[in-house]
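User: Hi, I have a protein open on my screen and would like to go through it with you. Could we start with one of its sheets?

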Amino acid sequence: MQLQTLDTDVIIVGAGPVGLMLAGELRLGGADVVVLERLSQPISESRASTIHARTMEIFDERGLLSMFGMPHREPVGHFGGLALQFDGVDSPYAGLWKIPQTRVEQVLGRWAVGLGALIQRDHELVGLEQSESMVVANVEASGGRTKIRASYLVGCDGERSMVRQHGAFAFSGADATRWLLRADVAGIDVPNRRFERHDAGLAVAHRNADGVTRIMVHEFDSSGGATAEQPSFVDVSAAWKRVTGDDISEGTPIWLNGFGDACKVAQRYRSGRLLLAGDAAHQQMPVGGQAINLGLQDATNLGWKLAAQVRRQAPAQLLDSYHKERFSVAKQVLSGIEAQSTLLLGGREVEPLRAVMAELIGTDAAVAKHLATKIAGLDICYSGDSDGNSVGCRLPYQQLNATGGVSNIAAPLRDGRGLLLNPTADCAQTVADGWSDRVDAVTVVQSRDTEKYSKKKILDIQSVLVRPDGYVAWVDDGLHELTPSLCRWFGSPRSRPHAR
């Protein structure tokens, strides 16, 4: 057996949506990437299918939306099974965008490979070795055993992450106690059901255009038993009949699985040269599509920071800010998902709570918008201030008058670099003198159509420094100088900049 060695900057374990998004982000930042995937072929089933507004904005920021075509948009989602409007959030991508996970992986894989990422299928991680200078992945491949050396390795390999296990990351929280069984079934004729509650449990059914019906079923008085994670079709059809009275046993199962209400998070996202992202870092019930969106946003937070680290341009503590920022977000998201799980899977004991929540959502527009904004990922502010107009918050999505016509705030971020928007002459000179290899100084004029998406008009009155992931790093408020912020997020200048 021949031992092969392949060296790279970063190894990513897992070629799901998160791993592929991270691969593209790293390549934009100039890092060499190898993605290891144990499966020989991409998955054929779509476990996740909902993309929220903030992730759509990120796709736009990377120029990916045209590759998705025209996905179906639904204005109404849910909070724990209670109808919730999503078309009123402050984003041009308000609503729920129905993009199957298979399609997400196709687009992100094509993008990452086009940028130069190497995807190695039929490569399974079986061991790790870490030193002060490198990490070595021991891999079983069809051609034999392989050792791959890199500066860093990132586990994007899901809830049962081998990277998390080999790296001895602490993973704490609650195991699942309640389960939903899920199946895609052909050849059945059952009415569509939207979180329909029966005496015995919860039933969901939706017939797709191809005639296949996706069903989900939960029994209030059952934890799911030993077959919950890998149910047979007999298990699913029996539970469906007990809850709804309908017999689907003559149908043909295309795909089935079970998922529970486990809620766990890694207590650190980095251990030396090992990092975690996506479901490897946090396990949650995939209610409302939040899991895939949370993971994709992990990738966009980590990618530019890790690329700067391997290119030796990262300032002190930049890579550690990944855990600080995303761990906090995960805790908030998982708390919301726990609340939804209680409303969704609880039995008769939660009916009074459901009635109160339904009344609040239905009669108080502010409550409904607040919940929708949180689920959509639009409330994230790494500084802890969520007014949408300050350092640490997402740059408000705005229409811009740019050369060649009206564009949007996403366009200047396509190359994955930092931005100094509407710079004063002194600010522009500071960037040109020391950071122009990492930060672009761009002048734009806000469109009159801005209020359609955001009431924040910071570009009219201030210079704004934006991180590659679209979050504000500095605003010209007259109190804080630009140079310290440039050094904090983008490292030392090539040469000493002019004093401001």
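**A sheet, and what lies across it**

Analyst: Five strands form an open sheet here, in the order β14-β15-β16-β13-β17, and the pairing is antiparallel. Please keep in mind throughout that this is a predicted model.

User: Which strands are at the edges of that sheet?

Analyst: The edge strands are β14, covering 193-197, and β17, covering 252-260, and each of them pairs on one side only. From one strand to the next, the twist averages 15 degrees.

User: How many bridges hold β14 and β15 together?

Analyst: There are three bridges between β14 and β15 (residues 201-207), and the two strands pair in the antiparallel sense. To find one place to look at, go to E196, whose bridge partner in β15 is A203.

User: Which helix lies across these strands?

Analyst: That is α5, made of residues 233-244, which lies across β13 (179-186), β14, β15, β16 (213-219) and β17, and runs at about 70 degrees to β16.

User: Let's step back to the whole protein. How many helices and strands does the protein have, and how much of it is buried?

Analyst: The secondary structure comes to twelve helices and 28 strands. The protein has 500 residues, and 55% of them count as buried. If you take the contacts between residues at least 6 apart in sequence, 70% of them join residues that are at least 24 apart. As for the accessible surface, it comes to about 21,300 Å², and 48% of that belongs to carbon and sulfur atoms.

User: Now another strand, β24. Are its residues G418, L419, L420 and L421 buried or exposed?

Analyst: They are all buried, with G418 and L420 on one side of β24 (residues 418-421) and L419 and L421 on the other, and in this way both faces of the strand are covered. As background, the side chains in a regular strand alternate between the two faces of the sheet.

User: Which strand is joined to β24, and by how many bridges?

Analyst: Four bridges join β24 to β25, which is residues 439-442, and these two run parallel. One of the pairings puts L419 with D440 as its bridge partner in β25.

User: And what about β9 and β10?

Analyst: Those two run antiparallel, with seven bridges joining β9 to β10 (residues 135-141).

User: Where is D122, and what is its phi?

Analyst: D122 is in the loop between β8 (118-121) and β9 (123-130). Its phi is near 60 degrees, which is a positive value in a residue other than glycine. Most residues other than glycine have a negative phi. D122 counts as partly exposed because its relative accessibility is 32%, which falls between the 20% and 50% cut-offs.

User: What about R312, is that one buried or exposed?

Analyst: R312 counts as exposed, because its relative accessibility of 77% is over the 50% cut-off. R312 also has a positive phi of about 60 degrees although it is not a glycine, and its place is in the loop between α6 (290-310) and α7 (320-345).

User: Changing topic again: how many aromatic pairs are there?

Analyst: Searching the whole structure gives seven aromatic pairs. One of them is Y93 with W97, an edge-to-face pair at 6.3 Å centre to centre with 70 degrees between the planes, and both Y93 and W97 are buried. There is also a cluster in which ring pairs link Y269, Y322 and F327.

User: Last one, where is V391, and what is it in contact with?

Analyst: V391 has its place in the loop between α9 (365-375) and β22 (399-402). Leaving aside its neighbours within four places in sequence, V391 is in contact with C381, S383, V472, A473, W474 and V475. V391 and V475 are 84 residues apart in sequence, yet 7.0 Å apart in space from C-alpha to C-alpha. With a relative accessible area of 33%, V391 is partly exposed.

Conventions:
Residues numbered from 1 in each chain as written. Predicted model: local features only at pLDDT ≥ 70, side-chain atom pairs only at ≥ 80, totals over all residues. Heavy atoms only, no water. Buried < 20%, exposed > 50% of the residue type's maximum accessible area, 1.4 Å probe, protein only. Contact = heavy atoms within 4.5 Å. Areas by Shrake-Rupley, 256 points an atom, 1.4 Å probe, with all protein chains shown as cover. Phe/Tyr/Trp six-rings, centres within 6.5 Å; stacked < 30°, edge-to-face > 60°. Pairing = 2+ DSSP bridges. Axes fitted to C-alpha atoms, helices over the stretch in contact; angles between N-to-C directions.
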